[in-house]
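These are my notebook entries on a set of look-ups in one structure. I record what I checked and what I found.

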Amino acid sequence: MKFSDIIGQEHVISQLSDLVLNNRLSHALLFHGPEGVGKKALALAFAQYIVCENKQGHESCGECPACRKAAKWVHPDIHFVFPVIKDGSKKSISDTYISEWRAQLDHSVYFSYADWNEALGDGKKSSAIYVDESSEMIKKLNFKPFEAEHKVMIIWLAEKMNVQTANKLLKTLEEPSEKTVLILIAENLDFMLSTILSRVQQIKIPPIDSDSLKQYIEKEYQISDDLRNFALKYGKGSVLKTLEAISQSEQSQRYHEWFVQFMRLSYKNSMLDLIKLIDEIIKTDKVEVKGFLNYSIRYIRDNFMLNLQQNHLVSLVADEFQFAEKFSTYINPNNIEKIYTSFNQTIEQIERNANVKIQFQVLAIEMVRAFKMG
Ligand SMILES: [Zn+2]
């Protein structure tokens with residue numbers, strides 16, 4: 001990837017290319033900063049820039065054989081070290097999982113440690129950089145570069161090295177092999193050995209500037225201005241957090257639509273349509289069903305607060321507020337207890353593995369009754 005594929009970070013990019021152009025490239029760099037700001041993206045583009053055979057000022061050419069190999073993550077002088085899981089027969093080293101790594105990078109170079117654990121397994125095992133890796137690293141660092149002038153080793157999430165591995169890496173840092181650039185990437189320096197920190201050139205990667213992130217979101221996601229602004233604010237310069245806000249809010253919109261229909265049909269006592277809606281809701285998974293029920297409870301509470309004219313206690317977004325303005329008149333002291341109890345009992349029953357469809361039908365009947373009370 002080229003520097004121009006990175007979201008923002010112009011200042012860091014010129015700082016990095018200057019190191020090469022002015023011949024001040026040190027043998028070990030540490031990129032550190034919060035999750036989702038593009039540390040890995042910067043390391044990948046920087047590695048490509050270092051091996052590029054036809055640099056165009058501050059940018060790699062993107063077309064020479066070296067750039068083409070780097071862009072497919074297969075350049076023989078760009079090595080990757082990353083956390084892996086322990087899986088019985090397989091050796092716990094990065095090379096074992098290199099195809100998963102390349103596939104993940106192909107999907108997007110912006111991914112988190114949690115995303116990576118998910119890609120390696122079911123996300124339940126936490127990956128780490130185990131001691132087996134250190135001999136691999138030393139072996140690779142002792143090779144002469146195959147094709148490029150330098151060889152580059154990117155160590156993603158250096159804080160996931162256990163102490164043994166870190167101590168072996170330390171030896172390498174003390175006696176650097178020639179023509180080698182180590183790029184360590186870390187989110188949390190507290191978990192790194194101070195002896196390592198003192199031997200690397202630290203480069204702090206700041207949050208992505210809001211203009212660049214805004215442009216990126218505008219280009220990639222067709223969403224309302226409100227949602228985009230909310231996501232940017234929530235994301236605080238992390239592309240991953242910004243995208244998380246967008247997807248979570250898609251979920252809330254779906255829950256809201258279900259809720260509106262559920263309430264309208266209950267109010268009209270349209271049992272047949274209610275059963276159709278229930279089928280639609282429960283064909284998703286249990287997490288989604290419980291998410292919907294919890295959303296409903298929160299939303300009902302906010303509606304009741306509106307009914308009591310306690311507007312300062314509610315936190316509703318545009319669509320939710322619009323519906324609640326009228327709906328809140330139906331959630332009142334006469335029926336609030338029944339509605340609350342019905343939703344809570346549905347969650348409890350589902351957690352006890354009761355039949356989800358039957359529980360929802362009971363809930364629908366209770367809601368029909370509740371509206372008659374209101
Ligand atoms: Zn090139």
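**Cysteines.** I began with C64, which counts as buried because its relative accessibility is 8%. I then looked up C61, which is also buried, with a relative accessible area of 11%. The model is a predicted one, and I kept this in mind for every entry. I next searched the whole structure for disulfides and found zero. I note for reference that a disulfide is a covalent bond between the sulfur atoms of two cysteines.

**Positive phi values.** I looked for residues other than glycine with a positive phi. N23 has a phi of about 60° and is not a glycine. I located N23 in the loop between α1 (10-21) and β1 (28-32). Is N23 buried or exposed? I recorded a relative accessible area of 70%, so N23 is exposed.

W73 was another entry under this heading, with a positive phi near 65° in a residue other than glycine. I placed W73 in the loop between α3 (65-71) and β2 (78-81). W73 has 7% relative accessibility and therefore counts as buried, whereas N23 is exposed.

**Salt bridges across the chain.** I then examined individual pairs.

E147 forms a salt bridge with K69, and the closest N and O atoms are 2.8 Å apart. The pair links distant parts of the chain, 78 residues apart: E147 is in the loop between α6 (132-142) and β3 (151-156), and K69 is in helix α3. I checked the accessibility of both partners. E147 is partly exposed at 44% relative accessible area, and K69 is partly exposed at 29%.

K140 forms a salt bridge with D95, with 3.0 Å between the closest N and O atoms. K140 lies in helix α6 and D95 in the loop between β2 and α4 (98-107), so this pair ties together parts that are 45 residues apart in sequence. Here I noted a contrast in accessibility: K140 is buried, with a relative accessible area of 11%, while D95 is partly exposed at 36%.

**A salt bridge within one helix.** I also looked up R228 and D225, whose side chains meet in a salt bridge at 3.5 Å, N to O. Both belong to helix α10 (residues 225-235). Because R228 and D225 are three residues apart in this helix, about one helical turn separates them. R228 counts as buried at 9% relative accessibility, and D225 is partly exposed at 49%.

**Surface charge.** Which residues gather in a patch of negative charge on the surface? I listed E35, D115, E118 and E244. I followed up one of these, E244, and found this residue in helix α11 (residues 239-268). E244 has 33% relative accessibility and so counts as partly exposed.

Terms used. Residues are numbered from 1 along each chain as its sequence is written. This is a predicted model: local features need pLDDT of at least 70, side-chain atom pairs count only at pLDDT 80 or more; totals for chains, interfaces and linings use all residues. Side-chain values use heavy atoms; hydrogens and water are left out. Patches are made of residues with over 30% relative accessible area and no salt bridge: like charges are joined within 9 Å, nonpolar side chains (Val, Leu, Ile, Met, Phe, Trp, Tyr) within 5 Å. Accessible areas come from the Shrake-Rupley method with a 1.4 Å probe; for residues, only the protein chains shown count as cover. A salt bridge is a side-chain nitrogen of Lys or Arg within 4 Å of a carboxyl oxygen of Asp or Glu. Lys and Arg count as positive and Asp and Glu as negative; His and the chain ends are not counted. The place of a charge is taken as NZ of Lys, CZ of Arg, CG of Asp or CD of Glu. Helices (H or I, at least four residues) and strands (E, at least two) are DSSP runs, numbered from the N terminus. Buried means under 20% relative accessible area, exposed over 50%, partly exposed in between (1.4 Å probe, protein chains only). A disulfide is a pair of cysteine sulfur atoms within 2.5 Å.
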